[in-house]
Amino acid sequence: MNILTYTAEHEDFRRRLHEFCAAEITPFADRWEADHAVPREAWRRMGRAGFLCPGVDPAYGGLGGDFRYALIVNEEMARTGQTGLTASLHSDVVVPYIESFGSKAQKRKYLPGCVNGDIVTAVAMTEPDAGSDLAAMTTTAVEDGDTVVINGAKTFISNGLVCDLVVLAARDPAVEDRYRAISLYLVEAGTPGFNKGQRLDKMGWHSQDTAELFFTDCRIPLANRLGERGAGFLMLMAKLQQERLTCAVGGMVAAERILQWTTEYCRRTVVDGRPLVKNQAVQFALVEMATEVKIGRTFVEKLVADHIEGGQIVVETSMAKYWTTDLANRVANRCLELMGPAGNLERAPIVRGLRDARIMAIFAGTNEIMKQIAAKFMGL
Amino acid sequence: MIQLTRAQKQVQKAARDFAKGEFDRETAREAEKIGQFPEEVFQRAAALGFVGIQLPEAYSGGGMGLLEAVLLAETLCALDGSLGQAVCEAGHGAECIARFGSQDQKERFLPPILEGRTAVAVAFVEAGRGISSAPAATAAPDDKGWLLNGTKHFVSNAERAGIFLTLAATPAGADETGAASMFIVDAAAGIRVTDEGRRLGGNLTGGAEVTFDEVRLTPDRLLGKPGRGLAQLEAYYMERRILLAGQALGLAQGALERAVAYVRQRVQFSRKIGAFAVTRHKIADLAARVEAARLTVYQAAAAFDAGQADARTAAIAKLTAAEAAIAAADEAIQLHGGYGYMREYDVERYYREAKALSLTAGAPGDLRDVVGASVIGKLK
């Protein structure tokens, strides 16, 4: 029995997205990786074709779809061999802040652009000295009449350069409680005092830009505060379940793709007259990895179903994020071993897969933080 | 426990002093990024006698043993994984000439290599053949010597090479089939070197496909005994794997040291992250693995110098040290959090170098084949 069932609308969406990726993304993946950037136009094409933010209310241009659409987008994007067009970060992580906590005016102003690809978003929480310890952030937001003055620096911001709109977490220095001091703000690119830094040079995710963001007496209208003053940390916590689930899906589909490619490689590669898959040790390795991948998919699909039903699955999504992203790394490492020296060449797609998988165990809360959260919610 | 002699400790000190003076992180990162051999650093290493320190002094070697070569490799690679490996690998192949060559060949070819005046490239591995299997390349005898044809893969140092070493099938004697012989080939017309492109690791020495097309070899280009190429290959792998294990040990040590330095200074949740129980256990596990690998590798090298090494000892050394290097670099990335994924922090480079090394001259599966067959022994 399938844990998740798909309607004709889902299937049609998947088929159209599959065709879109084959025509508009996959052929350009290598170029985008080499350029260390995705053309802004690619985001627009994806939005215009209806594949960004499928969860957004139709009143703002979305499909009003459930989280199964997120799973479909993740699965299809994993086939494209690039990570730069981070649709799931935009659609499933950042834009939901605006959908859930934005005022009517904010939603009317920003959501249609987020859906059609005119607005690419980023979320800025991490700082040089506040990574795992998010509440240690020092970027300040001082509300002054009907404006807010922002000062500070954020780092490791995905889409940091390409973004048009940033969901920014910052603290009110006058508030002592380090959690209640934090509010969220919408900051548009181009606002005076908001500067994007250099592209950070990474091990993987080459087509995606990661950057530092700098705020120096950056004034934004008070109307750009997202939600209540001082509710920032609670809003972040409320949305982290979906962010972690999105990462868990990402880890799982990465593991699936790497294993699928390697299995095909071992079928077609003949060494000393015998296909690699006829070697018992190779067979067992592939079977063991396939088993783990199936266990991962079963768990993740169950969580997607629970999440769609509105379940509180903080512990399980933390477990799934750490386990599936570790799985992606484990599978990538082992698959490379099976290839021997050919596994050292970048022309083998799983080399990029291995480089790209490594950050998954770190971003959106390191896997150590996932275990810390699970321990806390398990009452340990 | 192996007690290092004063001379061996001097090798360590000389290597450390050299690397501290000559290895620059920016240079290493840039050379690794563009795939450039660090010629100046290598020339200074060669001037100090670091190339072929385990080979006879009569041919400009260091006149020391493999344990000294391992200590040198470990020390250099701990201080910089990429530059250290490039220096160690630059003379790779000289050992074949020293072990199998005639007096005349040694006198003619070794001094230029060991003095850094010319480079040698080892072209043994073929696509579709196991790394210890009989080659498809052929050397057909005629009245003037041999005519060499064939294609080799994963050849490092190929662009710089003045001579190539290769393995080709030669006609068997009356009682054997599938005999192979080793040859020294001058870089000249008839040799096509095609860059295999960017690699996961080992980019300073590069990788190429090398095709020998009707290359004429005079009788003095036969290396070792005719028809004994595969036996020589096994002897070569024994020494090669212990040397690579020394490099892997250095990668492991270097990654561990970087992880320790980071957890000693990084503060999260108002504490040094080195104070957390899990961090301590992670570091403890790595320290245990690195120490176990060190003993295994030193033991193998000492056995080699005593004339008691075998294929099993060498394979165990490389397997153990490469896995320790991968584990140490992987955990070093994780402990660095987002910084670990940035090229600037170098641990991702250690991870890529460690993975690449583990696939060279015997991937883990090949090494397990060797060890398993040796431990279980011949079955009736």
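Predicted model: local features only at pLDDT ≥ 70, side-chain atom pairs only at ≥ 80, totals over all residues.
Visitor: Let's start in chain B. How are H8(B) and H11(B) oriented relative to one another, roughly parallel or roughly antiparallel?

Guide: Helix H8 of chain B covers residues 229-265 and helix H11 of chain B covers residues 347-359, and their axes come within 10 Å. The axes cross at roughly 155°. Angles over 145 degrees count as roughly antiparallel, so the pair is roughly antiparallel.

Visitor: Which hand does the crossing of H8(B) and H11(B) have, and what classes of residue make the contact?

Guide: The crossing is left-handed. From H8(B), the contact uses Leu244(B), Gln247(B), Ala248(B), Leu251(B), Gly254(B), Ala255(B) and Arg258(B), while H11(B) brings Val347(B), Tyr350(B), Glu353(B), Ala354(B) and Leu357(B). Sorted by class, these residues come to 8 nonpolar, 2 polar and 2 charged.

Visitor: What span should H11(B) have, and how far apart are its end C-alpha atoms?

Guide: H11(B) has 13 residues, and at 1.5 Å a residue they should span 18 Å. That expectation agrees with the model, where the end C-alpha atoms are 19 Å apart.

Visitor: How many residues of H11(B) are buried, and which residue just after the helix has a positive phi?

Guide: H11(B) is mostly covered, with 13 of its 13 residues buried. Most residues other than glycine have a negative phi. Just after H11(B), a positive phi of about 50° belongs to Ala361(B).

Visitor: Which helix gives the largest share of the side of chain B that touches chain A?

Guide: The contact draws on 33 residues from chain B and 30 residues from chain A. On the chain B side, helix H10 (311-336), H11 and helix H12 (364-376) each supply at least two residues. By class, that side has 12 nonpolar, 13 polar and 8 charged residues. Its largest share, 4 residues, comes from H11(B).

Visitor: Is Ala168(B) buried or exposed?

Guide: Ala168(B) sits in strand S4 of chain B, residues 161-169. Leaving aside residues up to four places away in sequence, Ala168(B) touches several others, including Pro135(B), Leu148(B) and Phe183(B). A residue needs 20 or more other C-beta atoms within 10 Å to count as buried. Ala168(B) has 28 such neighbours, so the answer is buried.

Visitor: Where is Trp205(A), and what is its phi near?

Guide: Trp205(A) lies in the loop between strand S6 (194-199) and strand S7 (210-221) of chain A. With 24 other C-beta atoms within 10 Å, Trp205(A) is buried. Its phi is positive although the residue is not glycine, with a value near 50°.

Visitor: And Ser60(B): where is it, and what is its phi near?

Guide: Ser60(B) is found in the loop between H3 and H4 of chain B. It counts as buried because it has 21 C-beta neighbours inside 10 Å. Ser60(B) is another residue other than glycine with a positive phi, here near 75°.

Key
Residues numbered from 1 in each chain as written. Chains lettered and ligands numbered in written order. Axes fitted to C-alpha atoms, helices over the stretch in contact; angles between N-to-C directions. Parallel < 35°, antiparallel > 145°, perpendicular 65-115°, else oblique. Left-handed = near helix turned anticlockwise from the far one by under 90°. Contact = placed C-beta atoms within 7 Å. Nonpolar A, V, L, I, M, F, W, Y, C, P; charged D, E, K, R; others polar. Expected span 1.5 Å × (residues − 1). Buried ≥ 20, exposed ≤ 12 C-beta atoms within 10 Å, placed from the backbone.
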